[in-house]
Amino acid sequence: QVQLSESGGGLVQAGASLTLSCLVSGIDVQGTHMGWYRQAPGKERSLFASITYRGDTDYADSVKGRFTISRDAAKQTVYLKMNNLKPEDTAVYYCNEILTAQLPDASWGPGTQVTVRS
């Protein structure tokens with residue numbers, strides 16, 4: 001079973017940077033399609049960044065050019081480098097395998113809170 005543990009969130013001012021980490025067990029992060037999701041207050045959790053087994057990345061328009069997803073296979077960790085943070089980036093951030101995340105009974109980690117003040 002996939003186990004996920006996100007960390008690295010915090011309270012920052014607009015324009016600051018943060019790097020989130022997602023420690024993964026139960027699957028090989030190098031051989032699967034991983035994604036970062038976020039859930040803002042009153043909104044549904046949504047995918048905004050992903051990385052395929054080949055290393056191809058994709059981003060939602062709202063974060064393109066500011067966020068970078070990467071992974072370290074040896075550490076079984078997926079990262080999210082966030083630059084030029086905006087108040088609208090405030091949310092709880094999660095990672096998951098793309099296919100697993102689509103299941104109604106998908107297992108999720110605790111997430112990490114990112115709060116950006118203007």
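Analyst: The largest pocket has a volume of about 190 Å³. A pocket here is an open set of points on a 1 Å grid over the protein atoms alone, where a 1.4 Å probe fits, with protein on both sides within 12 Å along at least five of seven lines. Points are joined across faces, edges and corners, and the volume is the space filled by probe spheres set on them. Of the 14 lining residues, Arg38, Ala40, Lys43, Glu88 and Thr90 are the closest to the centre; lining means an atom within 4 Å of a point.

This is a predicted model: local features need pLDDT of at least 70, side-chain atom pairs pLDDT 80 or more, while totals for chains, interfaces and linings use all residues. Residues are numbered from 1 along each chain as its sequence is written, and side-chain values use heavy atoms, without hydrogens and water.

By class, the lining has 3 nonpolar, 4 polar and 7 charged residues. Asp, Glu, Lys and Arg count as charged; Ala, Val, Leu, Ile, Met, Phe, Trp, Tyr, Cys and Pro as nonpolar; the others, Gly among them, as polar.

Now the strands. Strand 4 covers residues 34-39 and pairs with strand 5, residues 46-51, in the antiparallel sense over 5 bridges. Strands are DSSP runs of E, at least two residues, numbered from the N terminus; a pair needs at least two DSSP bridges. Tyr37 has Leu47 of strand 5 as its bridge partner. An open sheet of 6 strands runs in the order 2-10-9-4-5-6, with mixed pairing. Strand 2 (10-13) and strand 6 (57-59) are its edges, each pairing on one side only.

Technical notes: Helices (H or I, at least four residues) and strands (E, at least two) are DSSP runs, numbered from the N terminus.
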